[in-house]
Amino acid sequence: QVQLVESGGGLVQAGGSLGLACVASGVDFDHYVIGWFRQAPGKEREFVLAISVAGSTIYPESLKGHFRISRDNSKNTVWLQMNMLKPEDTAVYYCAAGVRPTATGYAYWGQGTQVTVSS
């Protein structure tokens, strides 16, 4: 059974930083692209960024430099480092596993972790 578990969410002040982790089990982790998505209240789910099997980063231009992603295949873990957070970054953050380094087509999803940025 494939399972993705996010952790590290919480409350942070604007301008602060927060790190999220995604731990996978039941999957050949080093065969999968891992992506992070977020969904704010009343909004559609948004692609944040992803990391390929080889460690290349896929991200929308709007978030360049704002977030950073890394992975350790030996630990089945991907980290999302978020810096200079803004209130509009408030959302539930999800990690997902897929086979293509794109913003869509992810087969497995975690339950999400809440990130709240106060102004």
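**Note on the predicted model**

1. Beyond its neighbours within four places in sequence, R68 is in contact with L49, W79, L80, Q81 and N83, contact meaning heavy atoms within 4.5 Å. R68 belongs to strand 7 and is exposed, with a relative accessible area of 51%. The classes are buried for under 20% relative accessible area, exposed for over 50% and partly exposed in between, with a 1.4 Å probe and protein chains only. The C-alpha atoms of R68 and A107 are 22 Å apart, and 39 residues separate the two along the chain.

2. This is a predicted model, in which local features need pLDDT of at least 70 and side-chain atom pairs count only at pLDDT 80 or more, whereas totals for chains, interfaces and linings use all residues. Residues are numbered from 1 along each chain as its sequence is written, and side-chain values use heavy atoms, with hydrogens and water left out.

3. Four strands form an open sheet in the order 1-3-8-7, with antiparallel pairing. Its edge strands, each pairing on one side only, are strand 1 (3–7) and strand 7 (67–72). Strands are DSSP runs (E, at least two residues), numbered from the N terminus, and two of them pair if DSSP finds at least two bridges between them. Within the sheet, strand 3 (residues 18–25) and strand 8 (residues 77–82) pair in the antiparallel sense over 6 bridges; C22 stands opposite V78 in strand 8.

4. Which residues are linked into a cluster by ring pairs? They are F37, F47, Y106 and W109. The structure holds 5 aromatic pairs. The rings of F37 and W109 have centres 4.7 Å apart and planes at 50°, so this pair is tilted. Rings of Phe, Tyr and Trp (its six-membered ring) pair if their centres lie within 6.5 Å; planes under 30 degrees apart count as stacked, over 60 as edge-to-face and the rest as tilted. Because F37 lies in strand 4 (residues 33–39) and W109 in strand 10 (residues 106–109), the pair ties together parts 72 residues apart in sequence. F37 is buried at 4% relative accessible area, while W109 is partly exposed at 28%.

5. R45 lies over the face of F37, 5.7 Å from the ring centre. The charged end of R71 sits over the ring of F29, 4.7 Å from its centre. The criterion is NZ of Lys or CZ of Arg within 6 Å of the ring centre and within 35 degrees of the ring normal.

6. The chain averages a pLDDT (the predictor's confidence in each residue, from 0 to 100) of 93, and 100% of the residues score at least 70. Confidence is lowest in strand 6 (residues 57–58), at a mean of 89, and highest in strand 11 (residues 113–118), at 98.
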